[in-house]
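Let's take a friendly walk through a protein model. Have the sequence and the 3D view ready, and follow along from strand to sheet to core.

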Amino acid sequence: MKVLIIGAGDAGAIAALQTRRLSSEAQIDVFTKRKELGCNPCEIPLVLSGAIKKWEDLCRGYRIMPFYEKRGMTLHLNTEVTDILRDKKKIVANGEKYDYDKAILALGATPIIPSFPGLDGRSEFVLSTDIADGRILREAIVKHSTAAIIGSGSIALEIADALKARGYSKVYLLIRRNIMRAHLDKDIAEKLQQVLSERGIELIMPAKIERIRSKNRKKYVILSDREVEIDFIFFGTGAEPNVKLAQKAGLEIGKTGAIVVNSYLQTSDPDIYAVGDCMENWDMIIGSRRSHQLASNAIRTGYIAGRNAILGNKISYGGTVMPFITKIFDYQVGAVGFTEREAREKGIETISTTVNTPYLREPRRGKPAWYKLIAETKTQTLIGAQVISEEIVSGVIDKLAVAIANRMSLIKLVQIDSSYSPYIQEDQIAVPIQRLIDKLG
């Protein structure tokens with residue numbers, strides 16, 4: 001069997017690995033137009049801040065050539081796939097044709113730069129899975145001391161953190177609406193806003209940008225009420241799925257702008273799968289279509305598509321509950337499911353509670369945690385959660401992700417057995433769950 005994988009990021013690499021594990025005979029070719037293998041955008045700030053010294057320390061495992069060579073897979077670097085000839089089951093890459101029995105599209109996404117008047121490409125930066133973006137940004141960071149970050153998602157905030165770690169005198173965060181609006185409701189975001197301000201980030205919100213200009217090696221962001229002078233601008237304004245190749249091949253594109261797939265991750269052509277950031281996802285709560293561009297989802301869908309391509313659709317993908325976690329300065333931020341705002345926009349009647357409680361009893365020097373839980377009133381099931389704390393929050397988010405995915409009632413969730421020791425971090429998630437139950441009566 002010949003399996004062609006277009007894209008060598010996390011989704012493509014994991015798809016290739018699963019294909020090889022299930023078939024020692026399969027001919028596997030992986031194509032990427034990049035000159036070197038990359039890494040996740042969320043990892044790049046670790047090098048930018050100086051926490052990790054070398055780019056090579058990010059590029060391990062399936063991010064190095066020996067991974068492919070050892071497994072008898074052919075990696076085609078600097079090779080752009082320009083056509084998929086579906087009727088002939090061939091692709092065209094750098095002018096050459098390659099046959100396939102199954103193809104997997106792991107095309108990723110491209111950072112969005114808003115079309116502000118005055119942009120000229122000078123001292124304007126983004127991050128993607130292309131490590132070249134990180135190298136270019138790092139060169140700028142070490143030369144300067146002031147920056148404006150446009151956007152309020154996780155990458156934007158992680159870059160702000162990295163710049164302060166580098167001793168930047170001025171870091172502006174220009175936010176159109178609320179911080180991390182995709183993951184946090186306003187009441188929880190206000191705590192994160194406080195943290196950013198305390199760490200010296202100047203927040204401008206709502207930021208109404210009229211134009212950008214360059215003068216004397218400086219950049220100027222012209223707002224409706226002020227002007228900001230900085231050395232460079234970073235755009236953390238989201239990414240759009242790469243679908244041009246799929247469109248050219250006549251594959252169906254969904255309302256979200258991503259490639260439509262079924263539960264086996266097949267596109268509208270059953271011999272072509274799509275995974276990761278370029279695929280149209282759906283939530284497990286009500287099944288609404290959405291974009292979900294996280295490394296964890298890329299790995300999960302790459303695993304499923306790689307196995308299905310060889311075994312013949314044995315694993316069904318159920319969707320996502322959108323689990324998310326990051327670290328901004330000393331605080332971990334986690335979320336899963338819908339925000340209350342999104343749930344209401346989808347017509348779901350909700351009830352919520354917000355609780356501030358320490359993970360450990362105060363004599364054990366536990367750090368406070370801010371919880372927000374959102375439940376559907378009709379079914380009395382959890383549909384969303386948000387947590388901010390200086391303690392580890394990933395365990396809470398993962399536990400609640402399982403509850404949401406399985407549509408677990410609040411009564412059943414609060415009765416789950418949990419381990420306990422006064423010497424080990426303990427989450428207090430039962431407290432806000434009990435509050436929700438009390439509200440519902």
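Does Asn297 count as buried or exposed? At 2% relative accessibility, Asn297 counts as buried, where buried means under 20% relative accessible area, exposed over 50% and partly exposed in between (1.4 Å probe, protein chains only).

Before going on, a word on the ground rules. This is a predicted model, in which local features need pLDDT of at least 70 and side-chain atom pairs count only at pLDDT 80 or more, while totals for chains, interfaces and linings use all residues. Residues are numbered from 1 along each chain as its sequence is written, and side-chain values use heavy atoms, with hydrogens and water left out.

**A sheet and the helix on it**

Asn297 is found in helix 8. Helices (H or I, at least four residues) and strands (E, at least two) are DSSP runs, numbered from the N terminus. Leaving aside neighbours within four places in sequence, Asn297 is in contact (heavy atoms within 4.5 Å) with Gly276, Asn281, His292, Tyr317 and Thr320.

Now look for an open sheet of 5 strands, with parallel pairing and the order 3-2-1-7-18. Two strands pair if DSSP finds at least two bridges between them. Strand 3 (74-76) and strand 18 (272-274) stand at the edges, each with a single partner strand, so one side of each has no neighbour in the sheet. From one strand to the next, the twist averages 15°. Helix 8 (residues 295-311) packs on this sheet and touches strand 1, strand 7 and strand 18. The direction of helix 8 makes about 170° with that of strand 7; axes are lines fitted to C-alpha atoms, for helices over the stretch in contact, and angles run from 0 to 180 degrees between N-to-C directions. Within the sheet, Ile5 stands opposite Ile104 in strand 7.

An open sheet of 3 strands has antiparallel pairing and the order 13-14-15. Its edge strands are strand 13 (209-215) and strand 15 (227-230), each pairing on one side only. Here the twist averages 20° from one strand to the next. The bridge partner of Arg213 in strand 14 is Tyr220. The charged end of Arg213 also sits over the ring of Tyr220, 4.4 Å from its centre; this term asks for NZ of Lys or CZ of Arg within 6 Å of the ring centre and within 35 degrees of the ring normal.

| Strands | Direction | Bridges |
|---|---|---|
| Strand 1 (residues 2-6) and strand 7 (residues 102-105) | parallel | 4 bridges |
| Strand 13 and strand 14 (residues 218-223) | antiparallel | 6 bridges |
| Strand 9 and strand 16 | parallel | 2 bridges |
| Strand 10 (residues 146-150) and strand 16 | parallel | 4 bridges |

Across from Ile233 stands Glu124, and the bridge partner of Ala147 is Phe232.

How many aromatic pairs does a search of the whole structure find? The search finds 5. Rings of Phe, Tyr and Trp (its six-membered ring) pair if their centres lie within 6.5 Å; planes under 30 degrees apart count as stacked, over 60 as edge-to-face and the rest as tilted. Phe125 and Phe232 have ring centres 5.5 Å apart and planes at 85°, so this pair is edge-to-face. Phe125 lies in strand 9 (residues 124-125) and Phe232 in strand 16 (residues 232-235), so the pair ties together parts that are 107 residues apart in sequence. The rings of Tyr168 and Phe232 are also edge-to-face, because their centres are 6.2 Å apart and their planes are at 75°. Phe125, Tyr168 and Phe232 form one aromatic cluster.

**Nonpolar cores**

In soluble globular proteins, nonpolar side chains tend to be buried together. A nonpolar core is a set of buried Ala, Val, Leu, Ile, Met, Phe, Trp, Tyr and Cys residues joined through side-chain atoms within 4.5 Å. The largest one here has 51 residues, and those with the most contacts inside it include Ile104 and Leu105. A second, separate core of 45 residues includes Cys39, Ala162, Met180 and Trp370.
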